[in-house]
Structure formats: C-alpha cells, structure tokens
Amino acid sequence: MKKFLPAVGLWFLLCTAAYAAEPLPADLPEWLALGHYQKGWFGYVGTIGSDNFYLSSEGRKNPTKELEATIALFQSNDTEKQCLFPARYMFLKKYGLASAPFPSCTEFEQFKDDLQPAGMTLLFTDAYMNNSSSLFGHTLLRVDTARKGTQLLAHGINYGAWTQGYENSFLYAVYGLAGFYPGGYTVKPYYDIINTYNNIENRDIWEYNLNLTPEELDLFVAHIWEVGQTTTPYYFFTQNCSYMLMELFDAVRPTLKLAADFRGQTIPLDTIKAVNARKDLVKSVNYRPSRQRKIRYRIKQMNKRQYDAFLDAIKLDLTSMQSLPEAERADVLETAYQYVQYQYVAGDLALKDYRQKSFRLLKARNQAAAGQKFDELKEGQNPVLSHDSMMASFGVGVQNGDFFEQLSFRPAYHLVTDRGYGFLAGAEINFLDVSFRHYDKHDKYVLDKLNILQLSSFSPIDAVFQAVSYRIGLDVSRQMNPKNEDEGYVLNGNVGGGGTFALNDYLWLYGLSSVEAAYGGFLPNNQWVGVGLAVGALVSFDKAALQAEVKKVFATDRIGSVLQWRVTADYYLSRNRALETVFAYTQNYGQDQTEVSVRLKQYF
Amino acid sequence: MNKVLVASLMLGTTLVLSAPVQAIDSTGCGLGSMAWRGQSGILPQVAAVTTNGTFGTQTFGITFGTSGCDPNGRVTGGTQKMVLAFLENNLEQFAMDAAAGQGETLTTLAGIMNMDEKTVAEKTYQNFAVLFPNENVDAVDVTLKFYQIMKA
C-alpha cells in the first residue's frame, strides 16, 4: 500500500503539469461558442461579419489567437474597447485569465438599467401569407423585465436584414440569396412587437420562457451587447433570423449545440422545435393570439341578438344595442371597437371615420356596466407539436392501366391536406416537391414532377372578414400529348385569385380564376397561355383531410385546354406519418387519363 | 428539357428563398398607436409594413415632436417619460382598457407609476370622458390628464 502512494502522487503531478503546459483553453466549447466559431472543412471560421468583432487580425479563423488578443485587451488601458466585450470578460474571469476588474461602462450599464433583465423568452410568430419574407414565420428573443407592471415593458431582440431602399427591387431575393444585405440586431419594447405582429399583421405570437440560471441570464445579456454592435451578411435560407439565435443560445449554454442542427436550411419552425426538444430549456409556454383571432373567438360566443347588434355597431348604428340587456352590451361594444381597429389597419376605413367610430363605441362601452362575460382566447395549437418540415413518401398507382411505383421528397413545408395542427389554416407552401416514377409496362424510370413552388392562401370570407384567396404555382411536369401519345416535359406556371367560404369549421368551399402558361419544346408551338377556372372543397378533421377540385382551362392551344378532376385524401397515422390517396381524371382532345395512387408519407 | 429544368429551378429557388428574410428598421421607434396619431403619412406607412415587412416609422417620431420614442428603442427615462412613451404607443388599447376599467395597459401603467392596480383601473374608468373628451385627442393631452387624475 505504501509503495502505491508515491505513484498516485506522481500521477497527480504529471497531470497538473500537463494542464499548466496547455497554454490557453481556446478549444473550450464555451470560447468557441462565444466567438461564434463553426467547424468547416479547413478548421474554424467565425460567423460574425463585422471586422471589429474579432480582435486579432487572424481571429476569425484562429480561436487561439483571438483568445490571446482578448486577454491582451483586458490587460491594456483601452476601456472603451473592453466595454464592448462583457461576455468575453466573464469567460476570462471564470478561467482566471483576467485579473483587472471590468471597467465602468456607462452605455452598457444604461442598457442593463433599461432592460432590467429577469429572464429570456424565445418568440415565434406564425406565417404571414401576405409577405414573401414571412411565409415561414419568424423568431425573435425577448429579454423579460423585472420592472413593475407587465412584460409589455420587456424588450424584443430581433435579428434581421437591413433591406431599406431595396424592398421593391426585383433583385430583392437575389441579393438576399447572395448575402448582399447586412444582418443586424435591433431592440424594441415588447409592446411594439405586439403591435406589429398581433395587431398590424394579425399573426399569433408564441412565447417560450427559457429556464436559465442567473449566471446564464447575465451572460446572455452581456453577449447580446457584444453581438448587438455587429453585422453579418444575411443569407435568406441559412444564416437568417432563426439561425443567428441558435448561435446565441449556444454561446450561453454550449452543451445545447443548437447551431449544429442547422447546417443546411434554417426554417423558423424547426428552430423552436429544436429549442423545445432540448432538455430543461423551456419552462413554460404562453400564447398571444392575433387581433383577428381574438375577434373571431369573441364573435363565436355571441348569440343571435348580440351578433346583430354587433353588425349594426360597426356601422355606428347603436339603436339595436339599446335593446340588449345592459350586462350584454360591454362585450359586444368591445368586440366592435377591436373590429374597427382591424378595419383601419386593413385599409378599409378612412382615418376620420375610424376616429369617430372608435370614440363613439368606447363612449358607449364606458357607459355600459363594467366587467365582461366573454372568455378571452388563451389556448391555441402549439406549433411545436405540428408535423415536421421535410417529407418523403413511397407509393404505388395505376395510370390508364399502366402500373407505377413512386418516390417523392419535399424539403418544405405544408399543404392543406397535410395534418393542419399548429399551421395557419388554409395556407400552403410547397417547395421543391419532387417525384420519380417507375412504370411497369415499359420498365422505365422517369422524373414525374418537380413542383418548384406552390403558394396558396385560402382565407374564408364572411360578413365580418373579407380576404382574397390566392394560389401561385410553378412546376415542371411530365405530360402526354393525347394526340400522338408522345411524352415530354413542360414548365407550367399559374397565378390565381378568388374566394373561400366556410360552411362550418370542417368544410370550406373555394373558387379561383387564374392565368395559366406553359412552356416546353415538347408542346406543339413550344408554349401556350390560357385562363383557368377552379372550384373545390376542403374538408379537415383532426385525423383526416380531403381536397376535391375540378378545374377547366381555356388555352391558346388545344393541348392546354383540359378539364381536370382531382381528389386528395389524407389519413394521419401519427404526427409525422400519413396515408394518402389521390384520384385524378383529365380530359383532353376527347381522350381520358385516369390515375389512382396510394402513398405513405413520412415527415422528418 | 435540361434548360427548362435549370431555368425553372433557379427561378423557383429565388422566389422561395426570399422567404425567411426579416427586414428591420434603423430606428428603435415602433409603429405605435394609430387612432389618435393621424399624420397623413400613416396609411402608406402601414401599407409598407403589410406588404414588405419593413418598418419605415421614423417619420412618426419626428413629426410628432414631443415623442417619447427612444432612439435606442428602449423603455427608458423617468416615470413621466415612460408614461408618455407608453401611452403614445399603446393609446388604442389604453382607450379600450380605460373605457372598460380593466386590462393589461392599466396594469402596466400602475407598475410604471408604482400605484395600486385597482386604484388606477377605477380612476381611469370613472374619468374616461375626461381622458377622452372628443375624437381628436392626442397622446400628450391624455398623458397630462392621466397625471392629473392619478394625483387627484
């Protein structure tokens, strides 16, 4: 036993010596995350674009050099620069690499005084179909406040692209792809965020309150201060609003490794799922419905008498209101006031009328008894529980007696027949949906269809809300010329608009008229243009959905003049699995084409 | 076929990749309340917001003159400045909460003023006609009246 002890001692010595010989802990995950280093093919590269974020001239690619430069900074007298890196200072202090105290920094102190941080919340705003930049929703951060009152006085931290002056440029999207726009951070009071998303754009806000230790919260705020001064080239699909937040999370808790989940594409919905899936990261969820959703929920609670009084009130006719029992007036008048606000933002009311209506409705509200009977909308469909963004499927079918097997893949995102839980009802984004087929009769493999992009918004019209429904599509598909039975590829495009009517919560009917165009060497004159008329029905339940549509196209060439029937029915086996049946019947040149198929869809 | 594929792929990709961009503004000032702001520029501004996701709101802060909007986009300053900034940006919701005698804005104002929430709610409800005497009030009027009422 005695012989053994010196050996243990020696082992300890060696170990300590080895540790001391290791010059700098630049490879620590904490340091790498604070510097936003990501491992690439040729070693580390820092994500942040601003030159002033990396202190060493080689700092972007060399975490060790950057750490040395940071240690040197905090040994120097340059307090102005030191004030830009409070989080790095916290790291140095933790590992005994800084001896001097952190300088007094007026601006940073003011920042913390204004924010009075009490916690952090990840915010998700749902899809906004009226703006191509918001189709996939948006994520931002909220620094919760310790101020007395409510979280209205908290602050939102938004990462976005500085596109001012270029929004209407046709190069808008190209610039965004090429990283032409600088991305940066802005700070805003939370009440402004609510106004923008809930009240102006009518989008729901989901709040995911994070479970952070006081030390992590301090580090988070300090690191926001560090990156808040920087800009980084903004790439629409990869280094976007949601991706940068993942790197912020990692900087605060490197074990999360969230950025690593988003090497390819970053869809906002996927990032909130990743955050919610990390152990002990989200402690509670809160839902803030959009103004439109709140109004709809209130209208649903009205009886016939109240609804009639409401319809009169929004036209400023308050006589039927007088016949309502006093206790029922408050709810109806408050709903009418909210609706008038909605109308003004939608551009349906002139300012003068808006003010007059608002004032008179509120005056009447104030004269009615206090207190309300209507419930406020508190529950929604948490988007975290929606089906995943990517989808692959395998199926079999028969086309005019010819059997085929079909393989499909779609990187994003959602169609009305997909399980709707957590998605904006009636909204569709179908992107790069590709399917390949093998036909048994001639034993041939073909690309059947590449659906490059399909955007649709079916939004029900009623006495209160009027919204246009639309559908835009662009695809390359394999087509047969019924005259000579030739097959070839055609690029199809269409843009259509119309209306949707909800018979009830489960059954919607729609009508769309569209402009259609096709191009391809296979076509008789290489191209045709036409107009289309479509009517359809959407049925959706928790476990199943169905879309049935009939469409007639009148085209400049007979090959384009088709009559199509199409029924798609989905049955959901689970959150991420569904069984789909499609029946399609096309009539052209007096000839029929009938197709029936079944496929199993897996989302991931 | 190849040319069609490549061209359409590029076009489609360009279209959809414009998706997750979020345009942001250079000022910290928000859109604020609109009912009683009423600069003639508001509708085009709102249109800009709804079509492009941009927040071209700088004009509000400037034309409104007394705006409590902080250039850094933060809730800042003393009680009075905070109340003004808050009412300027939340006047529509405040008007409804005041008329009803309850709501989130009243809780927030009670917090800023360090007053009892119930007292603030009761006083605003009873004095709604004083706070909003006609349809042309602005946030400064309302803030001054609000102070008088809370002190009374």
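User: Start with pairing in chain A. Which residue in E8(A) is the bridge partner of Gly184(A)?

Analyst: The partner of Gly184(A) in E8(A) is Thr231(A). One note before going on: this is a predicted model.

User: How many bridges join E6(A) to E8, and which way do the strands run?

Analyst: Three bridges link E6(A) to strand E8 of chain A, residues 231-233, and the two run antiparallel.

User: And between E5 and E6(A), how many bridges?

Analyst: Seven bridges join strand E5, residues 155-161 of chain A, to E6(A), again with the strands antiparallel. Among the paired residues, Tyr159(A) has Tyr185(A) as its bridge partner in E6(A), and Asn158(A) has Thr186(A).

User: What is the strand order in the whole sheet?

Analyst: The order is E8-E6-E5-E4-E3-E7-E9 in chain A, seven strands in an open sheet with antiparallel pairing. E8 and strand E9 (282-288) of chain A each have a single partner strand and stand at the edges, so each has one side without a neighbour in the sheet.

User: How far are neighbouring strands turned against each other?

Analyst: By 30° on average, with direction ignored.

User: Back to E6 of chain A. Is it buried or exposed?

Analyst: Mostly buried: seven of the eight residues in strand E6 of chain A, residues 182-189, are buried, so the strand is largely enclosed by the rest of the structure.

User: Which strands does H8 of chain A lie across?

Analyst: Helix H8 of chain A, residues 190-200, lies across strand E3 (117-125), strand E4 (138-145), E5, E6, strand E7 (205-210) and E9 of chain A. The helix runs at about 110° to E6(A).

User: Switching to chain B. How many helices and strands does it have?

Analyst: Chain B has eight helices and zero strands. Of its 152 residues, 47% are buried.

User: At what angle do H4 and H5 of chain B cross?

Analyst: At roughly 165°, with the axes of helix H4 (residues 79-100) and helix H5 (residues 104-113) of chain B coming within 9 Å. That makes H4(B) roughly antiparallel to H5(B). H4(B) passes H5(B) in a left-handed crossing.

User: Which residues meet there?

Analyst: H4(B) contributes Thr79(B), Met82(B), Val83(B), Phe86(B), Asn90(B), Gln93(B), Phe94(B) and Asp97(B). On the H5(B) side are Thr105(B), Leu106(B), Thr108(B), Leu109(B), Ile112(B) and Met113(B). By class, the residues of this contact of H4(B) with H5(B) are eight nonpolar, five polar and one charged.

User: H4(B) also packs on a chain A helix, H16. What are the angle and axis distance?

Analyst: Helix H16 of chain A, residues 351-367, packs with H4(B) at an angle of about 25°, and the axes are 7 Å apart. H16(A) is therefore roughly parallel to H4(B).

User: Which residues make that contact?

Analyst: From H16(A), Leu362(A), Arg365(A) and Asn366(A); from H4(B), Ala95(B), Met96(B), Ala99(B) and Ala100(B). The contact of H16(A) with H4(B) has five nonpolar residues, one polar and one charged.

User: What is phi at Lys257(A)?

Analyst: Phi of Lys257(A) is positive, about 45°, although the residue is not a glycine. Lys257(A) is in the loop between helix H10 (241-252) and helix H11 (268-277) of chain A. It has 15 C-beta neighbours inside 10 Å, so it counts as partly exposed.

User: And Glu485(A), where does it lie?

Analyst: Glu485(A) is in the loop between strand E15 (469-481) and strand E16 (486-502) of chain A. Its phi is near 60°, again a positive value in a residue other than glycine.

User: Is Glu485(A) buried or exposed?

Analyst: Exposed: Glu485(A) has 8 other C-beta atoms within 10 Å.

Methods. Residues numbered from 1 in each chain as written. Chains lettered and ligands numbered in written order. Predicted model: local features only at pLDDT ≥ 70, side-chain atom pairs only at ≥ 80, totals over all residues. Buried ≥ 20, exposed ≤ 12 C-beta atoms within 10 Å, placed from the backbone. Helix = DSSP H or I, 4+ residues; strand = E, 2+ residues; numbered from the N terminus. Pairing = 2+ DSSP bridges. Axes fitted to C-alpha atoms, helices over the stretch in contact; angles between N-to-C directions. Contact = placed C-beta atoms within 7 Å. Parallel < 35°, antiparallel > 145°, perpendicular 65-115°, else oblique. Left-handed = near helix turned anticlockwise from the far one by under 90°. Nonpolar A, V, L, I, M, F, W, Y, C, P; charged D, E, K, R; others polar.
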